[in-house]
Protein chains: 2
Amino acid sequence: MSLLVTGSIGIDTVETPHGRVEDVLGGSSVYFSLAASLFADVRLIGVVGDDFDMDMLAPLRARRIDTRGVEVRPGSRTFRWHGKYTGAMNDAETVGVELNVLAEHGAAVPPEFADSEYIFLANTHPALQREFARQFREARLIVADTMNLWIEKEPDELRRLLAVVHGLVLNEAEARLLTGYPNLTVAGLEILKMGPRFVVIKKGEHGSLLISHEDLCVIPAYPTQRTIDPTGCGDTFAGAMMGYLAAADRHDPDTLRSAMARGSVVASFVIESFSVDALSTVSSADVESRLEELKRIARFD
Amino acid sequence: MSLLVTGSIGIDTVETPHGRVEDVLGGSSVYFSLAASLFADVRLIGVVGDDFDMDMLAPLRARRIDTRGVEVRPGSRTFRWHGKYTGAMNDAETVGVELNVLAEHGAAVPPEFADSEYIFLANTHPALQREFARQFREARLIVADTMNLWIEKEPDELRRLLAVVHGLVLNEAEARLLTGYPNLTVAGLEILKMGPRFVVIKKGEHGSLLISHEDLCVIPAYPTQRTIDPTGCGDTFAGAMMGYLAAADRHDPDTLRSAMARGSVVASFVIESFSVDALSTVSSADVESRLEELKRIARFD
């Protein structure tokens with residue numbers, strides 16, 4: 001099944017205890033689509049400015065990601081983010097951010113993408129996300145991400161979005177902020193009351209938690225020993241998860257669990273390099289091998 | 001097999017968002033032995049002052065824990081701790097602490113405990129822990145806990161202890177502090193170089209990690225929705241783990257994994273009440289039922 005993602009395409013500068021990279025490819029929809037393309041055909045919608053070198057999207061084209069939905073907007077500048085990770089690298093400190101084209105109107109849905117059945121709304125203003133969701137009323141699965149900014153600044157718009165999506169993916173701090181409950185299981189159940197049929201709470205190095213009316217599940221992170229740059233891990237997790245669901249064309253509890261396990265594994269490759277370096281080169285066989293290892297690691301009687 | 005624990009017996013005052021209790025039973029060896037007694041015969045060594053009401057140990061006697069190693073020291077006062085938890089309750093803030101009898105010499109090993117084969121050295125000064133370990137050279141398994149205080153103040157004594165124990169149990173912040181590595185898998189492997197054959201890193205609500213030369217394993221926490229008071233969770237985890245190992249009389253990788261899963265489950269009961277209230281009343285059937293649920297929660301393909 002066709003998987004469509006809309007989200008940011010960015011130019012990143014990232015500092016971690018292991019080094020620094022400048023003006024590299026980033027953005028939620030970029031990580032998402034590279035990860036998803038390991039499992040499914042991916043359609044990408046996003047906007048860049050005329051400062052963007054389209055050759056930077058070569059890794060996406062190499063994965064046969066359909067980039068016809070990438071709009072180059074004349075006179076606008078591309079989204080830029082400068083982040084810094086320290087210590088255990090669980091949280092990025094934003095050194096600088098230029099929203100640029102992201103502060104303008106969203107991208108159009110090309111007619112050839114209108115039949116997309118699996119939709120992922122990467123983090124952006126919830127009103128924009130809802131406007132996208134509205135264009136895919138017939139979709140089999142619409143899942144959104146969000147962030148603390150919208151939870152705090154646009155709570156009403158976020159509630160309206162949650163009423164129309166099937167799933168929500170967010171991190172543990174965001175789940176607590178959105179609900180006011182520190183206990184993540186309780187927070188997840190509260191989010192279900194806002195509309196989604198399932199919630200996936202990402203816990204970074206501690207894995208992820210699935211909460212739905214039918215299921216409760218924990219999936220560990222793959223314990224890589226090489227944590228170089230966590231940028232894009234959450235989007236990568238979501239990409240592999242949605243790619244697996246689109247390929248299976250199901251989202252019953254067992255399939256969701258399997259999808260999250262793929263998310264864990266693919267995210268573990270991203271963290272081992274800067275930008276999309278590792279994600280661009282990882283193979284399905286690499287993923288499969290690490291998945292088998294994750295199963296052994298998580299097994300107990 | 002006989003399981004011996006030595007550690008603190010305390011009188012606690014605890015505040016959490018759910019209430020406050022004053023002068024209740026606490027201490028590492030108390031939580032440990034109650035949890036361990038669900039699986040094995042437990043021998044307890046500890047010291048209290050003459051201010052201690054021995055009737056407070058009734059829950060331990062009800063579980064047939066051998067308290068002949070509890071010394072009441074005339075003229076001394078019992079260890080007291082006053083802690084406060086806020087927010088997600090992952091860390092306690094110590095409002096007040098009186099070491100009292102814990103600052104004096106350790107307890108003696110009663111002759112009838114000398115044949116103990118499984119030994120747990122709950123957190124105390126590493127020199128005292130080593131002195132205990134020395135008295136059980138023939139033990140099948142000696143496992144220690146420690147804390148940030150000793151890692152920072154007594155690094156040399158701690159290294160000497162680590163050279164003589166088979167296993168170390170500590171939390172994630174302590175593992176990072178001890179090794180200087182933020183990545184927990186790397187930290188665990190570093191600790192193995194210091195002597196232990198296995199390391200268990202406790203991650204609170206995020207479960208635990210086993211690292212040995214033969215194995216790497218993650219066990220989720222049981223996702224209880226009622227987090228009332230986390231005091232003693234780590235000691236409870238270690239107690240159930242060691243109790244299971246002593247009962248099985250094995251500590252191969254698969255048995256260690258099973259033991260940690262029991263640790264997760266029993267700790268999930270402790271957090272649901274203040275002090276040892278829930279731990280005193282939980283039955284083996286309760287544990288077994290929640291264990292089956294944990295297996296379902298952690299399953300994926």
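In which sense do strand β2 of chain A and strand β6 of chain A pair, and over how many bridges? Select residues 10–16 for β2(A) and 79–85 for β6(A): the two pair in the parallel sense, over six bridges. (Strands count as paired if DSSP finds at least two bridges between them; strands themselves are DSSP runs of E with at least two residues, helices are runs of H or I with at least four, and both are numbered from the N terminus.) For one pair to zoom in on, pick Val14(A), which stands opposite Gly83(A) in β6(A).

Before moving on, a word about what you're looking at. This is a predicted model, where local features need pLDDT of at least 70 and side-chain atom pairs count only at pLDDT 80 or more, while totals for chains, interfaces and linings use all residues. Residues are numbered from 1 along each chain as its sequence is written, and chains are lettered from A and ligands numbered from 1 in the order in which they are written.

**Stop 1: the sheet in chain A**

Now widen the selection. β2(A) and β6(A) belong to an open sheet of four strands with mixed pairing, in the order β3-β2-β6-β7. At its edges sit β3(A) and β7(A) (92–98), each pairing on one side only. From one strand to the next, the twist averages 15° (axes are lines fitted to C-alpha atoms, and angles run from 0 to 180 degrees between N-to-C directions).

While you're here, click Asp23(A) in strand β3 (residues 19–26). Most residues other than glycine have a negative phi. Asp23(A), not a glycine, has a positive phi of about 50°. (Buried takes 20 or more other C-beta atoms within 10 Å, exposed 12 or fewer, and partly exposed is in between, with C-beta atoms placed from the backbone.)

**Stop 2**

**Stop 2: a helix and the core**

Back in chain A, select residues 28–36, helix α1. Nine of its nine residues are buried, so the helix is largely enclosed by the rest of the structure. Among them are Tyr31(A), Phe32(A) and Ala36(A).

Stay on Ala36(A). The largest nonpolar core has 192 residues, and Ala36(A), Met242(A), Ala36(B) and Met242(B) have the most contacts inside it. (A nonpolar core is a set of buried Ala, Val, Leu, Ile, Met, Phe, Trp, Tyr and Cys residues joined through C-beta atoms within 7 Å.) Not counting residues up to four places away in sequence, Ala36(A) touches several others, including Leu3(A), Val42(A) and Met242(A). (Contact means that the C-beta atoms, placed from the backbone, lie within 7 Å.)

**Stop 3: where the chains meet**

**Stop 4: two buried residues in chain B**

Select Ala261(B), in helix α9 (residues 253–270). It counts as buried, with 25 C-beta neighbours inside 10 Å. Leaving aside neighbours within four places in sequence, Ala261(B) is in contact with Phe300(A), Ile219(B), Leu291(B) and Leu294(B).

Finish at Thr227(B), in the loop between β13 (216–219) and α8 (233–248) of chain B. Thr227(B) is buried, with 24 other C-beta atoms within 10 Å. Beyond neighbours within four places in sequence, Thr227(B) is in contact with Asn183(A), Met89(B) and Ile271(B).
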